[in-house]
Amino acid sequence: MSRLAAPFLLLALAASACSFDPEVTGVWRTEDGATVSWPVLEFQGRVELVLGQYGEAVAGMLRLYEPEMEFKEIYLFPACPCLFLDQATFDNGTLVFDVIPCGAEATEWSGRFEWSEGDGGEILVGTLEPKVPAAGMEPTLQFKLRFSGGKKLIKEDELNQECPGPTL
Amino acid sequence: MRLVAAVLLLILALPSGPALGSEADLRKVKRVAVLPLRNFAGQTEGLFLPDQEDPLEARAAGLLADLGARLGAEGLVVIYQDGALRKRVASGEEYEEQVALGRERLSLGREHFLALRQKEAVHSLSRAVEVMERVFHQVVAPEEAAEALELWGVALVESGLLGRAHVAFRRMFHTHPGRRFTAGYHPKPVEKALEDAYRDLTTSVERAIPFVLAETTSTFMKRNKLHALIHPVLVRRGEDVYLELYAFEAPHGYMQWRDAALLDGSDADVERVDRMGSRWLACTPFSTRKVEMDRPRTTQLAAHFAHEVFFQVPTREFQHEMGVSIDWFQRLTPVMDLVVRLDALTVLPDRFRDVQPGYSTIRATIGPLFAWTSRRWSIYGGVGLAVQYIGRFEKTSSPDCKFWAKGSPAYEVRCPASDRTMFPPDLLIGANAVFGTRFYPTPGFFLSLSTSMAMFVYPFDRSIEMNFPLTSLIGAGTRF
């Protein structure tokens with residue numbers, strides 16, 4: 001973005017503040033003490049969604065951390081640290097996306113999360129489930145993510161670490 | 001950024017209109033009093049003859065009244081004479097109260113005099129004169145003021161105070177030179193004192209002074225809010241009678257001008273007196289105040305905040321831009337100006353962020369404007385040539401191309417070249433139509449509001465992706 005836009009962007013943002021449409025741009029994390037179990041990855045730990053919203057379209061990734069308290073790079077789950085989101089949208093308070101977890105038999109999973117706002121701030125509550133359920137696989141992962149910070153927390157130099165993602 | 005800073009400095013440096021306009025000195029109207037005519041042309045021998053109307057005195061009074069009316073009609077002075085002057089003096093602070101007190105003292109003094117209590121009479125009568133003269137009652141009712149002075153002088157003679165009596169009688173004749181007496185009414189010493197005082201006054205320069213002391217003249221003008229005073233007197237020079245005018249200026253009360261005109265009863269008197277009045281008007285000083293010259297101001301310079309929206313765009317939403325604009329209007333004819341305008345804007349991100357990164361644009365327009373202009377408003381419209389430069393930008397609808405940092409491995413994986421379109425820098429040329437209005441709270445400063453629409457036709461190869469920008473401007477400027 002051109003630097004010249006900065007002072008006028010403030011005006012535009014101030015004007016846009018008059019009508020509030022929820023946005024998901026930023027970093028969303030599982031709460032302290034909460035863990036997510038993802039048997040297919042043999043993962044149990046904390047989850048982070050890093051998102052950028054552009055109209056209804058959303059881009060970003062899902063990052064997995066070992067159960068230590070800090071969301072730091074050193075705690076990224078080695079077997080599958082992050083997953084690109086695909087076909088992600090946010091519309092009418094609902095975030096939907098596809099991910100392909102790591103592994104030879106990786107299959108596509110779909111995420112569906114509802115945005116809401118409470119006393120503690122904004123939260124996304126939803127599920128991850130395989131598009132094609134397989135026998136013996138936990139069909140649905142349920143977890144809650146809390147908004148942890150805006151674009152400032154999206155550290156571009158930390159992104160894209162060991163992110164296999166779908167092969168194009 | 002440098003361009004924006006330069007334009008902002010220009011806004012701050014806009015000169016104020018009045019500093020560049022020219023001014024003229026406009027005369028302030030003077031308030032001038034013309035005192036009642038005093039006739040010092042009489043002979044001492046006539047003091048005890050029956051009162052006869054002096055035809056020259058009546059003629060001089062009439063000429064003075066006409067002169068006052070003519071001078072007032074010129075618009076440079078406001079003349080107070082005769083009834084208007086009496087009314088102005090009598091409306092002063094404490095006037096009625098002091099005159100009532102003076103009359104009371106006069107009555108008491110008369111009582112004492114008739115009862116041969118000369119010492120008490122002198123005291124009461126001097127007090128009566130003092131009180132009346134304090135509010136310049138002698139200008140409103142000279143006969144009554146002279147009566148007090150006469151009685152005072154007589155009491156002083158009867159008291160053996162001849163020196164003071166001489167002064168009292170001089171003041172009486174100075175106030176009312178036409179005062180006459182019945183022969184034998186007063187004792188011989190009083191009659192002699194009257195003759196001596198009259199002879200002394202009519203041959204002295206004191207007749208040229210309205211209130212004896214310059215300080216008193218100054219007080220009179222200050223009390224009645226006057227800028228000048230004219231003291232007219234009739235005097236005899238050998239066989240001829242002259243109307244003399246003496247002019248005094250506030251605030252000091254000193255004589256500033258004097259002149260004389262022969263009165264011989266002929267028609268030439270009118271012209272002589274009229275010329276004398278014109279000479280006074282030419283010589284009397286006027287205070288001035290600055291006024292702005294109402295001259296045409298042909299150049300206008302303004303700075304604005306600008307908002308622009310392109311209606312033809314390669315993106316999903318209209319592109320809004322904001323920036324600054326400066327323009328220069330030069331009056332060519334009473335209804336036509338030549339305008340040159342320069343706009344510098346930068347694009348604002350829309351909700352899709354399809355433009356990556358944002359671009360800047362500069363437009364120059366030139367053309368004639370046709371304006372209707374009044375004292376406070378100007379409404380104008382016109383068409384001209386527009387040349388616009390749009391900087392390089394990339395367009396994409398892929399969220400991954402917007403999210404991932406350019407050049408990062410994820411960007412390379414998630415944002416293929418097919419998801420992006422590069423738009424190189426572009427130069428567009430076309431026509432621009434503008435409509436606006438300006439409000440001038442002062443002749444040199446204005447507030448401005450305008451809107452314009454451009455239509456680009458060059459390049460001619462139909463490769464124009466962005467067209468039909470609508471620009472709105474609000475700002476201020478100076479006219480000189």
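Author: What follows goes through the helix pairs of chain B, then the pocket and cavities, and ends with some backbone details. The model is predicted.

Two packed helices are described by the angle between their axes and the distance between the axes. The crossing of α5(B) and α6(B) is left-handed. On the α5(B) side the contact includes Gln98(B), Leu101(B), Arg105(B), Leu108(B), His112(B) and Phe113(B). On the α6(B) side, the residues in contact include Gln118(B), Ala121(B), Leu125(B), Ala128(B), Val131(B) and Met132(B). By class, the contact of α5(B) with α6(B) holds nine nonpolar, six polar and six charged residues.

The next pair is α8(B) with α9(B). Their axes come within 8 Å and cross at roughly 165 degrees, so α8(B) is roughly antiparallel to α9(B). This crossing of α8(B) and α9(B) is left-handed. From α8(B), the residues making the contact include Pro142(B), Ala145(B), Leu149(B), Trp152(B), Leu156(B) and Val157(B). Those from α9(B) include Leu162(B), Ala165(B), Ala168(B), Phe169(B), Met172(B) and Thr175(B). The class count for α8(B) against α9(B) is 13 nonpolar, two polar and three charged residues.

Helix α9(B), residues 162-175, also packs on α10(B), residues 188-202. Here the axes are 8 Å apart and the angle is about 60 degrees, which makes α9(B) oblique to α10(B). The crossing of α9(B) and α10(B) is right-handed. His166(B), Phe169(B), Arg170(B), Met172(B), Phe173(B) and His174(B) are the α9(B) residues in this contact. They meet Val190(B), Ala193(B), Leu194(B), Asp196(B), Ala197(B), Tyr198(B), Asp200(B) and Leu201(B) of α10(B). Nine nonpolar, two polar and three charged residues make up the contact of α9(B) with α10(B). Phe169(B) and Met172(B) of α9(B) take part in the contact with α8(B) and also in the contact with α10(B).

Next comes the empty space. Rolling a probe the size of a water molecule over the atoms shows where empty space is left. The second largest pocket has a volume of about 1,100 Å³ and a lining of 43 residues. Nearest its centre lie Asn39(B), Glu57(B), His176(B), Pro177(B) and Gly178(B). At least two lining residues come from each of β3, α3, α7, α8 and β5 of chain B. Helix α8(B) therefore has a part in the lining of the second largest pocket as well as packing roughly antiparallel to α9(B). The element that gives the most to this pocket lining is α3(B), with six residues. By class, the lining of the second largest pocket divides into 21 nonpolar, 11 polar and 11 charged residues.

Helix α3(B) also gives the most to the lining of the second largest cavity, with four residues. This second largest cavity holds about 40 Å³ of space. Val34(B), Leu64(B), Leu67(B), Gly68(B), Leu71(B), Ile230(B) and Leu245(B) line it. Six of these lining residues are nonpolar, one is polar and none is charged.

In the whole structure, the search finds four cavities of 30 Å³ or more. The largest cavity, with a volume of about 140 Å³, is lined by 18 residues. Val339(B), Arg341(B), Thr365(B), Leu369(B) and Val434(B) are the closest to its centre. Strands β10, β11, β13, β14, β17 and β18 of chain B each give two or more residues to the lining of the largest cavity. Among them, β13(B) gives the most, with five residues. The lining of the largest cavity has eight nonpolar, seven polar and three charged residues.

One runs from Ala250(B) to Pro251(B), with omega near 5 degrees; Pro251(B) sits in the loop between β6 and β7 of chain B. Another joins Tyr458(B) and Pro459(B), with omega about 10 degrees, and Pro459(B) is in the loop between β18 and β19 of chain B.

Conventions:
Residues numbered from 1 in each chain as written. Chains lettered and ligands numbered in written order. Predicted model: local features only at pLDDT ≥ 70, side-chain atom pairs only at ≥ 80, totals over all residues. Heavy atoms only, no water. Axes fitted to C-alpha atoms, helices over the stretch in contact; angles between N-to-C directions. Parallel < 35°, antiparallel > 145°, perpendicular 65-115°, else oblique. Left-handed = near helix turned anticlockwise from the far one by under 90°. Contact = heavy atoms within 4.5 Å. Nonpolar A, V, L, I, M, F, W, Y, C, P; charged D, E, K, R; others polar. 1 Å grid on protein atoms, 1.4 Å probe; cavity = no way out; pocket = protein on both sides within 12 Å on 5 of 7 lines; lining within 4 Å. Points joined across faces, edges and corners; volume = space filled by probe spheres on them.
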